[in-house]
Amino acid sequence: ALLSIFAGPYSVLLGTALTNTATSITKDRAYAKMFGSASAAKNAIPRTTYALWLVRDFSVIGSAFVLPDLVANAISDPSSNEDVKKMTQVSIPIVTQVLAGPLHFIGLDLYNRNLDHKPFASAMRDRGAALAKNFAPVVSARIARIAPGYSMGGVLNTSLRDTWRNWVSNKTDMAPIKSTSTDGVPTLGVMATTTKNQPQAWNRTSA
């Protein structure tokens, strides 16, 4: 059961997220130090900020590499849903920024504004008001950043990958294979291109 978690699309999610998150959080930490408030410059990044950014990155990677196929297969026939997959590849990463944007903003707000002197409920209202004020520009900026690479880029990447796989598959299917006939004469077998419902056919010519 544990091994099945690391197979299929979830292996893509884990591998890509772990690689991407390390560089992304390092970048965000540096930017927070460079462009954060002067009063926070000497402070360490809160652990809660790192946790929020980690969830943000996993949500973005999952929305780009895992959810599109799962959603497309759930709402349409998996054998003929290429257009649906393209639609989900474009839309889901964009919609996910409604979640990822606030996670990113609150993480920065926790670092830039220390509200420990306030009661928890009051601090939450304060941060909620700041998020509501900045929600539209934050989410819009993240969509502008994510859409080219993860939405349109995802569709283009899938198209190029499938074209490459088909090309390699066709090259492999048509590769010459040496064999020997029953009378001991060397022959050259070439696998003919097959269709889904046809058996493999062999064309044999004497060497």
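The model is predicted, so local features need pLDDT of at least 70 and side-chain atom pairs count only at pLDDT 80 or more, while totals for chains, interfaces and linings use all residues. Residues are numbered from 1 along each chain as its sequence is written, and side-chain values use heavy atoms, with hydrogens and water left out.

**The whole chain**

- You'll find six helices and three strands in the protein chain; helices (H or I, at least four residues) and strands (E, at least two) are DSSP runs, numbered from the N terminus.
- Starting at the N terminus, the elements go α-α-α-α-α-α-β-β-β.
- The protein chain has 207 residues, and 29% of them count as buried. Buried means under 20% relative accessible area, exposed means over 50%, and partly exposed is in between, using a 1.4 Å probe and protein chains only.
- Take the contacts between residues at least 6 apart in sequence: 60% of these join residues at least 24 apart. Contact here means heavy atoms within 4.5 Å.

- The 19 residues of α3 should span 27 Å at 1.5 Å a residue, and its end C-alpha atoms are 27 Å apart, which agrees. The expected span of a helix is 1.5 Å times one less than its number of residues.
- Buried residues in α3 include T49, L52, W53, V60 and I61, and R56 and D57 are also among them.
- α3 packs with helix α5 (residues 82-112) at an angle of about 170°, and their axes are 8 Å apart. That makes the two helices, α3 and α5, roughly antiparallel.
- By class, the contact of α3 with α5 has 14 nonpolar, eight polar and one charged residues.
- For the geometry, axes are lines fitted to C-alpha atoms, for helices over the stretch in contact, and angles run from 0 to 180 degrees between N-to-C directions. Angles under 35 degrees count as roughly parallel, over 145 as roughly antiparallel, 65 to 115 as roughly perpendicular and the rest as oblique.
- As for the classes, Ala, Val, Leu, Ile, Met, Phe, Trp, Tyr, Cys and Pro count as nonpolar, Asp, Glu, Lys and Arg as charged, and the others, Gly among them, as polar.

**Two buried serines**

- S59 sits in α3, which covers residues 47-65, and is buried, with a relative accessible area of 15%.
- A polar atom of the S59 side chain lies 2.6 Å from the backbone oxygen of R56.
- Not counting residues up to four places away in sequence, S59 touches T96, L99 and A100.
- S151 belongs to helix α6 (residues 120-173) and is buried too, with a relative accessible area of 0%.
- Setting aside neighbours within four places in sequence, S151 is in contact with Q89, V90, P93, I94 and I146.

- G15 is in helix α2 (residues 9-35) and is partly exposed, at a relative accessible area of 35%.
- G15 and I61 are 46 residues apart along the chain, and their C-alpha atoms are separated by 10.0 Å.
- A38 is in the loop between α2 and α3 and is exposed, with a relative accessible area of 74%.
- A38 and N112 are 74 residues apart along the chain, with 8.5 Å separating their C-alpha atoms.

Notes
Polar contact = N/O pair within 3.5 Å; in protein donor to acceptor, adjacent residues only side chain to side chain.
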